[in-house]
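Hi,

Here's the structure I promised to hand over.

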Amino acid sequence: MKKKYFRPVVAVMLAILLVVGLAACGAGGGGNQADDGGRIGVSMPTRSLQRWNQDGENLQRLLEEAGFEVDLQFGGENEVPVQVAQIENMIASGVDVLIIAAIDGDSLTEVLATAEEAGIPVIAYDRLIMNTTAVTYYATFDNFLVGEMQGRFIEEALDLPNQPGPFYIEFFTGDPGDNNINFFFPGAMSILQQYLDDGTLVALSGQTDILQVATPGWSTEAAQARMENLISMNNYSPTGQQLHAVMCSNDSTAQGVTNALVNAGFTADNMPIITGQDCDIISVRNMVAGLQAMSVFKDTRTLAANVVEMVIAIMEGNEPPINDRENYDNGTGIIPTFLSVPVVGTIENYRELLIDSGYYTEDQIYS
Ligand code: BGC
């Protein structure tokens, strides 16, 4: 029986190999993909946050499955000179495409000029790279919508349209060099600003400006230190000055805020509404423990798959799927973008979203 099927299967496989081989020969861009499927440089910002490890691993796996060789590097602990040196090396080694999640969106202009001269297409991954004509495409989640979801969650949880307040709130966003905060924070403020204006929401610190509430390196420790300051300056406590919500742009900042509040005596029974983003394992555990109210889930598997599709299209000389040609201007013009859709994660749906979908195992959340 086996033999009967053997020949047709081999013939089909040979035919596929021939077609793939011919397609690779005909592809534009770098010259060596006919032999080896092409080499892709992947530059991630840091290993210190869970999501970038996942992004890097997903990209590597999917690119290798698609037949590419992968040079995956992490920029130390968010160290710009390390990332620049790694990208320089990738360019010098002749990669066919660069995929970059920038540590600082403004610090790659020079190194990417070299990529452009060498004709290497650049995909900005998750974070837009600013002020360079070298960026070919951008793939990310709808970052404004992420912020809107956080703002909307607070609006609904406190019933802001119907309650007079005042409700007390503080704000935390991310690194000032990450262009994404220019979408996350205004997205949240597009919902919440009206309530600050009419006094329904009050930030006792008076810190509601994006740069006042930024967190260098998206660091948990920096967020914790700032929250500790806000607690002592404003006497926030479960029995004293109330604090109803803390709008955090992501989970690493939310975790710092949660630590500070827990240390100040807050518990699941009186914890302010804390928002987040990424559904990091620690934050999911905090949601289960009643210490963080929500997170925005951005399935890194989807983002990686979209980017691999982009790479394949580039290597085959085709136009990749693009669904936004309006919103992402990097200072040199609009960058054609593919936006994926984020989803709100809460205690109600985290199982379905994260465990049933295979994103995490049960053990990762409960061990
Ligand atoms: C990403 C977030 C992440 C943050 C910190 C942002 O650019 O979009 O998902 O939480 O960086 O790493």
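The side chains of Ser-249 and Thr-173 make a polar contact at 2.7 Å (a pair of N or O atoms within 3.5 Å, one able to donate a hydrogen and the other to accept it; residues adjacent in sequence count only if both atoms are side-chain atoms). Bear in mind that this is a predicted model, where local features need pLDDT of at least 70 and side-chain atom pairs pLDDT 80 or more, while totals for chains, interfaces and linings use all residues. Numbering runs from 1 along each chain as its sequence is written, and side-chain values use heavy atoms, with hydrogens and water left out.

Ser-249 sits in the loop between β8 (245-248) and α9 (251-263) (helices are DSSP runs of H or I, at least four residues, and strands runs of E, at least two, numbered from the N terminus). Its relative accessibility is 0%, so Ser-249 counts as buried (under 20% relative accessible area; exposed is over 50%, partly exposed in between, with a 1.4 Å probe and protein chains only). Beyond four places in sequence, its contacts (heavy atoms within 4.5 Å) include Gln-150, Phe-184 and Trp-218.

Gln-150 is also one of the buried residues of α6, along with Asn-143 and Ile-154 among others. At the start of that helix, a side-chain oxygen of Asp-142 comes to within 3.4 Å of the backbone nitrogen of Phe-144. After α6 comes Asp-159, with a positive phi near 55 degrees.

Elsewhere, Ile-347 lies in the loop between β12 (343-345) and α12 (350-356). Ile-347 counts as partly exposed because its relative accessibility is 43%.

Cheers
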